[in-house]
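Have the viewer ready and follow along.

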Amino acid sequence: MPPSLSSAPIRTLPQRIETATSIGGTVTFVGAGPDQQLSWAQLHHEARAMAGALQARGVAPGDHVALLGTTSRLLVTAIQATWLAGGAAVILPLPMRLGSVDEFIAQTRARIRNADAVVLLVDRDLAAFVEPVPGAPPMVLLDELDLAARGRHAPAFVAPPPDPDALAILQFTSGSTADPKGVMLPHRQVGANIDAIAAGAALIPGDDVLVSWLPLYHDMGLIGLLTLPMSTGSDLVLGAPQDFLA
């Protein structure tokens, strides 16, 4: 009989992801240019390098990192890199959910401010919508961060001590009925959620393939259909929504 969730060892997301790289599995990005497939181990290697680049920019354990981008290899790598550096990921909604660009800009700035983010990692295509204003955290383009991580003099990554009670995700509510509110999700609770999903779905890494077009600012898209396969070594096909800024 498998151990109960309460008796299982408590591990952070980086610890789970590190273990999963030895299991195998791939992630395939579709829907935004040519398909890209790589192993979770390769993505983890790239995320470690990007985590070093984040640390070089001052990101420390406990910091909140805001991320704004369409579903892509760069965004997924940056999410994992945030966790590896000990930060909490704050995934910001895209314009497709909002009634106007002005509303998108206002709500994005409000979320960044309310999240107390130390840095904003953003897609180059979205940077013009969130130009820095007084009091805003520094903005770093995802492709420039990736370039720094892959550079000849890329900073080394130093893994912080694991802390299951540290914040992993700051998930904002939709704001459809009231102002968006940040919900704090520590590694301990996210891990328990992942274990429950895997058990309920009878997930078999190596046999099962997960497919998702849910945006990563959606909690089901981020936890149930990205973090689950990433932390179990399961195959994932991840699509980019096509109605961005439509």
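The points below go from the overall chain to a pocket and then to a cavity.

This is a predicted model. Its chain holds seven helices and 10 strands, and 48% of the 246 residues count as buried.

**Overall chain**
- The C-alpha trace spans about 55 × 45 × 40 Å along its principal axes.
- A compact globule with 246 residues would have a radius of gyration near 18 Å, so the 17 Å of this chain agrees with that picture.
- Among contacts between residues at least 6 apart in sequence, 69% join residues at least 24 apart.

**Second largest pocket**
- This pocket has a volume of about 300 Å³.
- Its lining counts 19 residues, and P14, W83, L84, P160 and P162 are the closest to the centre.
- By class, the pocket lining splits into 10 nonpolar, six polar and three charged residues.

**Cavity**
- How many cavities of 30 Å³ or more are there? The count comes to one.
- The largest cavity has a volume of about 40 Å³.
- Lining the largest cavity are L67, G69, T71, L75, I91, L92, L94, P215, L216 and Y217.
- Eight of the cavity-lining residues are nonpolar and two are polar, with no charged residues.

Conventions: Residues numbered from 1 in each chain as written. Predicted model: local features only at pLDDT ≥ 70, side-chain atom pairs only at ≥ 80, totals over all residues. Heavy atoms only, no water. 1 Å grid on protein atoms, 1.4 Å probe; cavity = no way out; pocket = protein on both sides within 12 Å on 5 of 7 lines; lining within 4 Å. Points joined across faces, edges and corners; volume = space filled by probe spheres on them. Nonpolar A, V, L, I, M, F, W, Y, C, P; charged D, E, K, R; others polar. Helix = DSSP H or I, 4+ residues; strand = E, 2+ residues; numbered from the N terminus. Rg over C-alpha atoms; globule rule 2.2 N^0.38 Å. Buried < 20%, exposed > 50% of the residue type's maximum accessible area, 1.4 Å probe, protein only. Contact = heavy atoms within 4.5 Å.
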